[in-house]
Amino acid sequence: MTEEVLQALLRALSFGTPLLLATLGGIINERAGVVNLGVEGMMAVGALAAFGLASGSGAWEWAVGLAALVGALAALVHGFVTLTLRANTYVSGLALSLLGLGVSGLLGKPYEGAFLFESAPELPFTLAAGGLAVLLWGFLFFTRPGLVLRSVGENPAAADALGIPVLAVRYLAVAFGGALAGVAGAFLSLAYQPAWTDGMTAGLGWIAVALVIFSGWHPLRAVLGAVFFGLLYYLQFRLQSQSQVPTELFAAMPYLLVVGVLALAGVRRSRGAAPAALGRSYQRGER
């Protein structure tokens with residue numbers, strides 16, 4: 001029994017690692033006041049970029065770096081559209097998600113069904129994700145740059161009046177969030193399932209978007225949320241293999257919970273739990 005519990009916990013951590021990475025990136029985005037619904041697309045292009053480099057060179061460390069770069073560049077496109085052009089942030093994020101999935105599916109066709117000879121170790125990703133959550137917690141709540149980031153998400157006009165470059169802070173937050181989404185995708189194609197399959201992100205990006213809200217925009221609570229959803233994924237596959245219930249029902253379990261999370265999120269936002277300027281564009285001189 002103890003071995004089964006330990007195995008369940010390890011698999012929950014494995015399932016939860018990409019969720020945690022993507023969620024931490026989303027927390028930084030939204031703490032700065034920027035919503036990015038394109039996490040699924042950024043994870044997909046990051047997964048493809050990482051797999052493409054690793055399959056040719058075998059250097060998974062460089063592949064992770066490339067995934068972070070690709071994710072950041074994709075996020076900066078969203079940043080330019082929403083922060084500079086001031087387009088609707090939700091429409092732009094949805095477009096980025098669809099574009100990322102489409103581009104990765106198209107460019108990934110030559111790799112379809114291919115496997116890596118040597119996978120990246122899962123444990124360094126998991127440890128790095130957990131350590132990063134602690135670092136971001138300290139950054140957000142115990143450092144001046146973290147205070148600057150939160151002030152931009154709460155009251156950009158006041159931050160601007162104090163000489164804080166609001167647009168630059170938001171661009172940096174967007175790029176950082178995209179980089180982590182790319183690394184989350186790299187984990188999927190290099191460690192969790194060292195192969196390329198179109199659609200391998202399987203909706204994890206959308207769950208990460210919900211987890212940002214579920215965690216209350218707090219990095220340490222994001223760890224608990226990621227492990228919880230990771231355990232749910234593990235139980236889904238275990239129950240699916242031992243039950244006559246249609247597989248579609250089990251596959252829908254995480255998403256049904258996401259709907260519940262988002263419903264609760266509406267209550268939390270109405271009570272002021274979210275950053276006050278979340279999703280609102282800002283231009284110098286505005287009040």
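Arginine 86 is partly exposed, because its relative accessible area is 33% (buried is under 20%, exposed over 50% and partly exposed in between, with a 1.4 Å probe and protein chains only). The model is predicted: local features need pLDDT of at least 70 and side-chain atom pairs pLDDT 80 or more, while totals for chains, interfaces and linings use all residues. Residues are numbered from 1 along each chain as its sequence is written, and side-chain values use heavy atoms, without hydrogens and water.

**Exercise 1. State how many helices and strands the protein chain has, and what share of its residues is buried.**

Step 1. Count the elements, which are DSSP runs numbered from the N terminus (helices are H or I with at least four residues, strands E with at least two). The count is eleven helices and zero strands.

Step 2. Turn to burial: of the 287 residues in the protein chain, 50% are buried.

Step 3. Look at contacts, meaning heavy atoms within 4.5 Å. Among contacts with a separation of 6 or more, 82% join residues 24 or more positions apart.

**Exercise 2. Compare the record's transmembrane regions 90-111 and 204-235 with the model.**

Step 1. Read the record: an unreviewed UniProt entry lists several transmembrane regions, including residues 90-111 and 204-235. Such annotations may be inferred rather than shown by experiment; the positions follow the numbering used here and feature names are shortened.

Step 2. Take residues 90-111: the chain there is 82% helix and 0% strand, with its end C-alpha atoms 31 Å apart.

Step 3. Take residues 204-235: this stretch is 88% helix and 0% strand, and its end C-alpha atoms are 16 Å apart.

Step 4. Follow the chain through part of the second stretch. Helix H9 covers residues 204-214, and glycine 216 comes after H9 with a positive phi near 65°. Tryptophan 217 sits in the loop between H9 and helix H10 (219-242).

**Exercise 3. Describe how helix H2 packs against H9 and against H3.**

Step 1. Start with the general rule. Two packed helices are described by the angle between their axes and the distance between those axes.

Step 2. Apply the rule to H2 (residues 39-57) and H9: the angle is about 135° and the axes are 7 Å apart. Axes are lines fitted to C-alpha atoms, for helices over the stretch in contact, with angles from 0 to 180 degrees between N-to-C directions.

Step 3. Name the arrangement. The angle makes H2 oblique to H9 (under 35 degrees is roughly parallel, over 145 roughly antiparallel, 65 to 115 roughly perpendicular, the rest oblique). The crossing is right-handed (the near helix is turned clockwise from the far one by less than a right angle; anticlockwise is left-handed).

Step 4. List the residues: Val39, Glu40 and Met43 of H2 meet Leu204, Gly205, Trp206, Ala208 and Val209 of H9. By class, this contact has six nonpolar, one polar and one charged residues (Ala, Val, Leu, Ile, Met, Phe, Trp, Tyr, Cys and Pro are nonpolar, Asp, Glu, Lys and Arg charged, the others, Gly among them, polar).

Step 5. Check the cover of H9: nine of its eleven residues are buried, among them Leu204, Gly205 and Ile207.

Step 6. Repeat for H3: the axes of H2 and H3 come within 8 Å and cross at roughly 150°, and the crossing is right-handed. The contact of H2 with H3 has 13 nonpolar, two polar and no charged residues.

**Exercise 4. How are H5 and H8 arranged relative to each other?**

Step 1. Find the geometry: the axes of H5 (residues 122-142) and H8 (residues 166-192) come within 10 Å and cross at roughly 160°.

Step 2. Classify: H5 and H8 are therefore roughly antiparallel, and their crossing is left-handed.

Step 3. Name the partners: Glu122, Phe125, Leu132 and Leu136 of H5 meet Phe176, Leu180, Val183, Phe187, Ala191 and Tyr192 of H8. The classes are nine nonpolar, no polar and one charged.

**Exercise 5. Is histidine 78 buried or exposed, and where do arginine 86 and tryptophan 217 lie?**

Step 1. Histidine 78 lies in H3 (residues 60-84) and counts as buried because its relative accessibility is 1%. Leaving out residues up to four places away in sequence, histidine 78 touches Val34, Val35, Asn36, Thr89, Ser92, Gly93 and Leu96.

Step 2. Arginine 86 is in the loop between H3 and H4 (89-107). Its phi is positive, near 60°.

Step 3. Tryptophan 217, in the loop between H9 and H10, also has a positive phi near 60°, and at 1% relative accessibility counts as buried.

Step 4. Most residues other than glycine have a negative phi.
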